[in-house]
Amino acid sequence: MTHILAIDQGTTSTRAILFDTDLNAVASAQEEFEQHYPNSGWVEHDPSDLWSTTAATCRAAIEKAGAGTDGIAAIGITNQRETTLVWDRKTGKPVFNAIVWQDRRTSEFCKTLKAEGFEHTVTNRTGLLLDPYFSGTKLAWILDNVEGARARAEAGELAFGTVDTWLVWNLTGGKVHVTDATNAARTMLYDIRKGRWSQTICDKLGIPMSMLPEVKDCAAEFGETRPDLFGRAIPILGIAGDQQAATVGQACFKPGMLKSTYGTGCFALLNTGDTPVTSANRLLTTIAYQLDGKPTYALEGSIFIAGAVVQWLRDGLKIIRDAKETQPLAEKADPTQDVVLVPAFTGLGAPYWNAECRGAIFGLTRNSGPEDFARAALESVGYQTRDLLEAMKADWSGSSETALRVDGGMSASDWTMQFLSNIIDAPVERPKVLETTAMGAAWLAGYKAGVLPDMEAFAAQWAVDARFDPDMSSEVRDGKYAAWKRAVDATIGFAG
């Protein structure tokens with residue numbers, strides 16, 4: 001067995017990557033699919049698009065590799081988290097579109113539950129906040145708003161799943177209804193301490209527990225693909241949600257290790273070992289990965305706007321035509337200008353969790369121009385990351401002085417990564433292999449199949465492409481971060 005097939009099912013596209021046993025990507029394929037916005041704040045996917053693009057990209061990657069499927073030891077899956085699907089157990093037909101993690105339709109329901117004092121129960125059991133982001137209230141909405149769904153669910157006719165569960169169901173021809181611990185931990189229905197679905201929360205939301213999938217380790221036997229899909233039955237041996245898969249791909253296996261993924265937004269995870277740490281700063285407590293029945297926990301913080309701030313420079317201000325122009329522009333900024341951009345275009349994420357405030361710019365002068373806007377945009381990502389790391393340090397005394405491992409599109413910018421290192425006053429490491437999410441899923445499957453090394457040997461293979469060490473004086477660093485904090489306070493204050 002010489003290869004592992006990784007499925008990376010994302011929010012806007014699906015990718016399949018074939019890795020060899022040295023974890024080199026030898027072939028890949030990618031397909032985008034349509035986003036549906038039926039109402040303001042609603043985001044949906046057609047479940048058939050999630051499945052069809054998965055099957056198509058897998059076949060395309062296998063064909064590109066030209067070696068057939070005989071050498072594929074296993075399949076690993078990583079996926080957009082929290083997105084919610086419900087389907088008929090007999091026919092496999094969805095009862096409604098997939099409700100995407102970005103969807104806000106259950107905001108009022110969440111406010112009602114909070115007013116009843118239920119958020120403490122949710123946080124105590126799941127480590128999450130009571131927010132429409134997570135799957136639980138999305139599932140309740142489907143049962144309450146799709147005709148006949150609740151009666152069918154109570155009769156045991158319907159199945160619920162996140163995207164990984166939906167893909168495994170289809171890959172196995174409806175034989176297997178499973179998920180892994182990391183995806184279960186994002187549903188707002190799973191007790192991350194006891195390792196089981198919460199009867200209390202399901203009862204409160206009116207969700208029959210018969211709908212829920214079996215929860216397994218991240219490296220486990222999740223069934224085999226239908227033989228007719230790829231020419232032979234291939235075992236599915238690894239599953240993890242996308243940010244957790246990136247944590248694995250970055251080999252953040254020791255308590256205190258940090259990774260931060262910079263895409264449209266940013267997700268930072270801090271490994272806290274076998275201890276679930278309750279945040280006093282509105283970070284999320286989650287499962288980083290689970291192997292051999294033992295969960296490893298993490299603190300997670302999310303930034304809504306990271307790479308999206310560069311898109312704003314391009315599409316909103318139109319001062320660049322391509323994201324690659326941002327760094328050269330920022331390098332030309334006037335060093336005497338002190339422009340601060342708070343990119344709260346859709347509110348502020350962790351640790352503020354303020355959905356009402358909007359973006360603001362401070363420190364403009366007659367001499368402020370595109371260069372200063374570009375620098376302020378890139379610096380905003382560093383400031384927001386420091387906010388997360390400060391909250392993590394405050395929440396967990398076990399945090400050690402380790403480097404921040406980075407991936408995602410913005411990590412390619414040397415200027416941005418150097419500023420990040422400067423403002424957090426810690427080394428930043430960018431790996432040679434940037435496909436960390438898919439590689440994490442591949443390692444889980446390959447490890448379970450016995451064709452890839454164990455955790456320690458895999459971590460030893462992790463290699464640095466570039467390391468950025470802080471070279472900013474503490475006086476400048478403290479002054480710039482203090483200006484950022486004043487700007488955030490003013491932004492929140494302006495929202496009222």
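**Reading a sheet and a core**

Analyst: Strand 21 (residues 428–431) and strand 22 pair in the antiparallel sense over four bridges. Strands, of at least two residues (E), and helices, of at least four (H or I), are DSSP runs numbered from the N terminus; two strands pair if DSSP finds at least two bridges between them. Arginine 467 in strand 22 is the bridge partner of glutamate 429. This is a predicted model, in which local features need pLDDT of at least 70, side-chain atom pairs count only at pLDDT 80 or more, and totals for chains, interfaces and linings use all residues. Residues are numbered from 1 along each chain as its sequence is written, and side-chain values use heavy atoms, with hydrogens and water left out.

User: In what order do the seven strands of the open sheet lie?

Analyst: The order is 16-17-15-14-20-21-22, with mixed pairing. Strand 16 (284–291) and strand 22 (464–468) are the edge strands, each pairing on one side only.

User: How should I read a nonpolar core, and which residues have the most contacts inside the largest one?

Analyst: In soluble globular proteins, nonpolar side chains tend to be buried together. A nonpolar core is a set of buried Ala, Val, Leu, Ile, Met, Phe, Trp, Tyr and Cys residues joined through side-chain atoms within 4.5 Å; buried means under 20% relative accessible area, with a 1.4 Å probe and protein chains only. Here the largest core has 98 residues, and Leu189 and Tyr262 have the most contacts inside it. Helix 13 (residues 370–395) supplies the largest share of this core, eleven residues.

Methods
Buried means under 20% relative accessible area, exposed over 50%, partly exposed in between (1.4 Å probe, protein chains only).
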